[in-house]
Amino acid sequence: MPARIRLAILALVAAAWALGCGWSNQPRNVVLVVSDALRMDMLGCYGGSAHTPHIDRLAREGTLFENAYSTAPTTMPSAVSMLTGCYSRTFTFDNRTVYLDFLNKRVPSAFFRVGDGVRMPAEAMADRGIDTRVSMENGLVRVCNLLQGFSRLPEKKQLPEARCREIEKKLDFHQESEAYEAMYGTLDYLLHTNPKQPFFLFKWIFDPHSPYDPPARFRAAVDAGAGNLPQPWTFYSDFKNAGLRAKLDNNRMSNAEQNYVNALYRAEVESVDHRVGAILKALDAGGQRNRTLVVFTADHGECLGDYGMYGHGRAVHPPLVRVPLIYSGPGIPKSRRVATVISHLDLTPTLVELLKVHDTSFMQGVSYAGIFRGNHLPDREVYFDYFSNVLNAWTGVDGLLSEGFQLVVDRRQGEPEFHLFDFSLDPAAAKDVAAANAAIVRRLFARLQVIRRGNRSLLLEHAGLVRGDLDPAKEREKARKLLKSLGYL
């Protein structure tokens, strides 16, 4: 073979490897990190103002998705879609009406429940010899029965004192707040993993979910402006406080107060980044970083005064459903930004393909792993469903992102109201253009109805996989208590 041909072939191989097409470098382990209620545009790698060097490092060393979307603006429905590959509406049952005293009326009642008969991906992974572990900081995910197949990691109080000291010494990590206590089981596991044992570790970090109460070290810069506020700083971090809720819900905060609350949230994001850094440090110290795929994302976003609201739920505004999504590790192209529209419905199908685990239950989602091999994939059609975490089953708002437009269908007042936003000209979804684009509304609504019908059909199948002795009233009460403890009620 002539030398010039050999050189050309070598150049092509090298280029393919640089693009991440050399899939002999397959990930052996996965660490999936979900940050609760994390607004994408707060992160440095997405152009945000928060100082997030560790998450930014993941982006530099991997692939960042610029247009990833959750399927819902609240935890339970979003988590169902992320972890099953099916829309949350297909796992919702017990559609009875109940009286809710805080609403002073009867409303449809439902809750999300993945049946024991559903074969979850973690169960398939465990059967293939993968050690599946979870550290879950949001109890609402457990309520949905989503952790089948995972073994729970120990809490700090369950670890020997010597192991806690080892974590603190090796990783320079200390319990700066109660939230940090929840990291010790994860870090201990990563420091002591068996190099011959592949693992899938699922870590859910509850922050920056409200209350916005960052550790003192991260709050220090925020406190500088606290002297101009009419209330002490603790007032603004306590989202169970009726006075704060009234200010937030009625948009009655001064500019100084709003800036302070937003700064508290940003400090929480920075503390999340610090915890992600500890995970990366533990992978390095345990010798597992170069064979571990790290995936970082959020279940949904957060509004910070924009659209006249704080928190999440109640709507499908872009800051609520657009989420960060970063892959970093073996076989993943480095320093790459992908503009393709991606749905969290496809997260689990993608991870299942990357780990070559296919014997799971049916999934509505599809894998986008081909992107990492250099394939071009079309934009995903993204379905949103504003579905409350629990208690009020059908809030009557869903929508579709397709062809560069977002269609929102609101049925809360009886007859449906259609709203259309042109993301190519109006990415903030500030101007409703439905009236001028009736044909687009009809076309997208027809596709949305196809998804609705598919969800109803699959719901009948999934309902049969839920234990018959399960008491919906008791399950609903469990969820209600959790929601109250988290400040939702």
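Phe418, for instance, comes out at 29% relative accessibility, so it counts as partly exposed. What you're looking at is a predicted model, where local features need pLDDT of at least 70 and side-chain atom pairs count only at pLDDT 80 or more, while totals for chains, interfaces and linings use all residues. Residues are numbered from 1 along each chain as its sequence is written, and side-chain values use heavy atoms, with hydrogens and water left out.

**The big picture**

- The protein chain has 16 helices and 17 strands; these are DSSP runs, numbered from the N terminus, with helices (H or I) needing at least four residues and strands (E) at least two.
- Out of 489 residues in the protein chain, 57% count as buried.
- Take the contacts (heavy atoms within 4.5 Å) in the protein chain between residues at least 6 apart in sequence: 70% of them join residues at least 24 apart.

**Nonpolar cores**

- In soluble globular proteins, nonpolar side chains tend to be buried together.
- A nonpolar core here is a set of buried Ala, Val, Leu, Ile, Met, Phe, Trp, Tyr and Cys residues joined through side-chain atoms within 4.5 Å.
- The largest core has 110 residues, and Phe65, Phe200, Phe202 and Tyr327 touch the most other members.
- Helix α12 (residues 255-285) gives this core its largest share, 14 residues.
- There's also a second, separate core of 16 residues, with Leu400, Phe405, Leu448 and Ile451 among them.

**Aromatic rings**

- Rings of Phe, Tyr and Trp (its six-membered ring) pair up if their centres lie within 6.5 Å; planes under 30 degrees apart are stacked, over 60 edge-to-face, and the rest tilted.
- The whole structure holds 18 aromatic pairs.
- Phe235 and Tyr236 make an edge-to-face pair, at 5.0 Å centre to centre with 80 degrees between the planes.
- Both partners are tucked away: Phe235 is buried at 13% relative accessibility, and Tyr236 is buried at 0%.
- Phe418 and Phe445 have ring centres 4.9 Å apart and planes at 80 degrees, so this pair is edge-to-face as well.
- That pair links distant parts of the chain, with Phe418 in strand β17 (residues 417-422) and Phe445 in helix α15 (residues 438-463), 27 residues apart.
- Phe445 has a relative accessible area of 18%, so it counts as buried.
- Ring pairs also join Phe65, Tyr327, Tyr368 and Phe372 into a cluster.

**Charges over rings**

- A charge sits over a ring if NZ of Lys or CZ of Arg is within 6 Å of the ring centre and within 35 degrees of the ring normal.
- Arg219 has its charged end over the ring of Trp233, 3.7 Å from the centre.
- Lys156 lies over the face of Tyr184, 4.5 Å from the ring centre.

**A covered helix**

- Tyr184 belongs to the buried residues of helix α8, a helix (residues 184-191) that has 8 of its 8 residues buried.
- Those buried residues pack against several elements, including β1 (29-36), β5 (131-136) and α12.

- Most residues other than glycine have a negative phi, and most peptide bonds are trans.
- Asp207 and Pro208 are joined by a cis peptide bond with omega about 5 degrees, and Pro208 lies in strand β7.
- The bond from Ser210 to Pro211 is cis too, with omega near 5 degrees; Pro211 is in the loop between β7 and α9 (216-223).
- Asp172 isn't a glycine, yet its phi is positive at about 50 degrees; with a relative accessible area of 53%, Asp172 is exposed.
- Ala429 also has a positive phi, about 55 degrees, but Ala429 is buried at 9% relative accessibility.

Notes. Buried < 20%, exposed > 50% of the residue type's maximum accessible area, 1.4 Å probe, protein only.
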